Amino acid sequence: MSDLEKQSTEIQLIRRELKNIRQELMKQNARLKSEVSRIKTVLSQEHLKSGSSGVKGEEQKGFSMVPIGHISSCFNTKNGIPRQPSLCSAAKATLKIENSIFTNPEHSLIGLDEFSHIWVLFVFHENKKQNSVKAKVHPPRLNGASVGVFSTRSPHRPCAIGLSLVKLDKIEGSILFLSGIDILDKTPVLDIKPYIPFYDIPNALKISSENELSEKHQSESGSSSQFSYNCKTKLLPNQNAKSEFFELESFTNSKKFNQNLPSLSKAPEYLDVMFTNRAVSDLEMFHSEKDHSEKCRYCLTFVDGQISAKKGIIEILENDPRSVYRRQKCTDRLYYFYLDNMHITCWFDEMIAEVLRVKPSCKV
């Protein structure tokens, strides 16, 4: 080998070594920042515990909160969880108010059953990036575009608090039965509040909705009488609340309203969901096996389990639960997620999601 070839080989080795050193420096720098952030958090908590936060004139740095209960959900892993509430009406959960909060926890729910929907405030307890929160995030709906974290509902926030509007099916004692949820199993809940259209929908929307509903009523009845739209009731009976909620929801999803909304709020493009013959057979066998059906706490019952399970799978997949990375850069089109005791395997092709297998999960 000539001297020139030897020098060329040595230069290539040196370049590789330099590249490895740069990568290692970047990793160590990231670890250092994460560790510094963790130490600051610990010191801040210790500072609060020592009572210094109560000193007059000093700004309070943090708050200590005790969960009122924990969600028992059909979603055992983060894969497949709808990104917004109400996208999957078949997604069920329960919330039990802890006995340690109230002597008689059921008393705290008196009157709540008159509402069709409630707000649930919870903690993203499995958010692994709490120590490295960024001001900009990449929402899946924007396919990788960067926007400010406070213009999104990303779980990666300075305070890892979530907010979901869910349907209240019924209350039994101190247990709330919910549907249309987007919350992971064992999630700690900080608070619940009733959904009240009169306060929770902007006045401009209510006025426009009143006019639209009035015109619709007149055109259908052929009468010139005014249509009375009741938004002044503080406690909405369950049946009326349902009706008003969905009427207003259909209005806010109209083209006229969407013209003035940012891209994050516009209606998404839904995928077509298909089932292979094997997946259909799996669902039938899954439903026929009593041992498996009884382990499904929310999405399946032994009577109508197959129907509710299929509906839940469709509602999850038509909203494309994949991350931006998996959609754009990952060559593996296979995807799996859990729904109750079901392990669902599917694959994606353009605007189609096809369910390949449905089998019992070993996680339950």
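Lys-170 and Glu-172 form a salt bridge in which the closest N and O atoms are 3.0 Å apart; the term stands for a side-chain nitrogen of Lys or Arg within 4 Å of a carboxyl oxygen of Asp or Glu. The structure is a predicted model, in which local features need pLDDT of at least 70 and side-chain atom pairs count only at pLDDT 80 or more, while totals for chains, interfaces and linings use all residues. Residues are numbered from 1 along each chain as its sequence is written, and side-chain values use heavy atoms, with hydrogens and water left out.

Lys-170 is partly exposed at 40%, and Glu-172 is partly exposed at 44%. A salt bridge also links Lys-193 to Asp-191, again with 3.0 Å between the closest N and O atoms. Here Lys-193 has a relative accessibility of 40% and counts as partly exposed, as does Asp-191 at 28%. Arg-322 and Asp-320 provide a further example, their side chains meeting at 2.9 Å from N to O. Arg-322 and Asp-320 are both buried. Shared partners also join salt bridges into one network made up of Lys-92, Lys-167 and Asp-169. Over the whole structure, the search finds 8 salt bridges.

The cysteines come next. A disulfide is a covalent bond between the sulfur atoms of two cysteines; the criterion applied here is a pair of cysteine sulfur atoms within 2.5 Å. The structure holds 0 disulfides. Among the cysteines, Cys-74 is buried, with a relative accessible area of 0%, whereas Cys-159 is exposed at 54%.

Turning to the strands (DSSP runs of E, at least two residues, numbered from the N terminus), an open sheet of 4 strands runs in the order β9-β12-β11-β10 with mixed pairing; two strands pair if DSSP finds at least two bridges between them. Its edges are β9 (272-275) and β10 (334-339), each of which pairs on one side only. From one strand to the next, the twist averages 30°, with axes taken as lines fitted to C-alpha atoms and angles running from 0 to 180 degrees between N-to-C directions. Within this sheet, β11 (residues 342-349) and β12 (residues 352-360) pair in the antiparallel sense over 8 bridges. Trp-347 stands opposite Glu-354 of β12.

How values were computed. Buried means under 20% relative accessible area, exposed over 50%, partly exposed in between (1.4 Å probe, protein chains only).
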